[in-house]
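Consider the model shown below.

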Amino acid sequence: MSNPEKNPAEVLCETQPAAGVQLLEPREVPLGGPRAMNVRRTLPQRSRSLIGGWCFVDHYGPDTTRMLVPPHPHTGLQTVSWLFAGDIEHRDSVGSLAAVRPGELNLMTAGSGISHSEISPASPTLLHGAQLWVALPDAHRHTAPSFESVAPTPFDLQGATVSVFIGELAGVASPAMVFSPLLGAQLDIPAGTTVTLPINATFEHGVLVDAGAVTVANLATPPDHLAYLAPGATELVITASTDARLLLLGGEPLGESIVMWWNFIGRSHDEIVEFRAQWQADVINGGNPDGRFGTVVGCDEAPLPAPELPTVRLKPRE
Ligand code: MN
C-alpha cells in the first residue's frame with residue numbers, strides 16, 4: 001500500500017532503548033477516497049519506531065470496500081502484504097503480476113527503487129489484513145528491486161495454528177528473502193490456550209493483536225494494539241481467553257537511523273528530496289519511464305503524485 005497520509009511528516013526512526021514489555025496504542029489514519037476506510041498504525045510512533053527492521057505496521061479491516069492504490073514508488077524497504085481476508089492484484093515495475101491472497105506472503109523488495117499498484121476486484125469485497133514495511137540495512141538498501149510470493153504451510157504448535165512467513169519459529173523456516181535477522185508469523189490461538197514460544201534472545205519482538213482477549217508476557221493487549229518485548233528472553237508466553245488471531249514480528253535491533261517520508265526510506269532529508277523529485281519528473285511528468293522507479297506493467301491507473309514536502313524537516317519520530 002501507499003502511505004495514505006495527506007501531509008506525511010518526515011520521521012527519523014532509530015533503535016530505542018529496550019523497555020521490558022510496552023503497550024503501543026494504534027492511531028487511526030484515514031485512507032481517503034469515496035469508500036474511506038481507516039488504517040490503524042502502531043509503528044512508527046513516538047515511543048517506538050522500529051522493532052528489528054520492522055518500521056511500519058498498518059492494520060486494516062474487516063471492511064467491505066475496494067482497494068484502489070494506483071502506481072506509487074518505494075525505496076530502501078521491503079513491503080510485506082499479509083491478508084486475513086480479501087483479494088488484491090499486485091503489479092509492479094519489475095513486471096510482476098500477482099494475486100495477494102489470505103495466508104500468502106507477498107514480499108516486494110524496493111531496494112534502489114520500484115513502483116507498484118494494488119487493486120482489488122471491481123465490486124467491494126471484504127478486506128482485512130496488515131501492511132508491513134521492513135527497513136533495509138544500509139549495506140543492502142541499494143539492492144536491485146524484486147518481488148516474490150510465498151505460501152507457508154500452517155502447523156500446530158501447542159494447540160495454536162502457526163504460519164511463518166518471514167524467518168524461523170519452532171524449527172519452521174520461511175524461504176522469503178530478507179536482509180537482516182527477522183521473524184514474521186501469524187498465530188491463531190483457540191480460547192483457553194496458552195502457548196510458550198521459543199524466541200531468539202537477540203531479537204526484540206512485537207505482537208499485533210488482530211482479534212481476541214490476549215495477554216502477551218502477562219500484559220493485556222487489546223485488539224489493534226502492539227505489545228513490544230525487549231531482547232533478552234528465550235521464551236514468550238501468550239494466553240488467549242477467547243479465540244485470538246495475532247501477528248508475531250521480531251528482529252535484531254537495526255542499530256541504524258533511517259529517515260522515512262511518504263513511501264520512501266533514506267538516510268537524509270536531501271536523499272528524500274531527490275527520490276521525490278525523480279518520481280515527479282520521471283513518472284508523474286513522464287520524463288523517463290526507465291528511471292529509478294520504472295513503469296508499472298499493465299496498470300491503467302494514473303500514478304499517484306507525491307505529497308508536498310513538509311516545511312518542517314526531520315521531525316524526530318512520530
Ligand atoms: Mn506500496
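A disulfide is counted here when two cysteine sulfur atoms lie within 2.5 Å of each other. The model is predicted, and a search of the whole structure finds 0 disulfides. For Cys 13, the closest cysteine sulfur belongs to Cys 55 and is 6.6 Å away, which is too far for a bond. Cys 55 is likewise in no disulfide, its nearest cysteine sulfur being that of Cys 13. Cys 13 is buried, at 0% relative accessibility. Cys 55 is buried too, with a relative accessible area of 0%.

The largest nonpolar core has 26 residues, and the members that touch the most others are Val 162, Leu 197, Val 207, Leu 236 and Ile 238. Strand S18, residues 182–189, gives the most to this core, with 4 residues. Leaving aside residues up to four places away in sequence, Leu 197 is in contact with Leu 157, Leu 187, Thr 234, Glu 235, Leu 236, Ile 238 and Leu 248.

Which side chain of opposite charge is nearest to Asp 282? Asp 282 is part of helix H1, which spans residues 269–284. The residue is buried but has no salt bridge, and the nearest oppositely charged side chain, Arg 292, is 7.0 Å away. With residues up to four places away in sequence not counted, Asp 282 touches Gly 287, Asn 288, Pro 289, Gly 291 and Arg 292.

How values were computed
Residues numbered from 1 in each chain as written. Predicted model: local features only at pLDDT ≥ 70, side-chain atom pairs only at ≥ 80, totals over all residues. Heavy atoms only, no water. Core = buried A, V, L, I, M, F, W, Y, C linked by side-chain atoms within 4.5 Å. Buried < 20%, exposed > 50% of the residue type's maximum accessible area, 1.4 Å probe, protein only. Helix = DSSP H or I, 4+ residues; strand = E, 2+ residues; numbered from the N terminus. Contact = heavy atoms within 4.5 Å. Lys, Arg positive; Asp, Glu negative; His and termini not counted. Salt bridge = Lys/Arg side-chain N within 4 Å of Asp/Glu carboxyl O.
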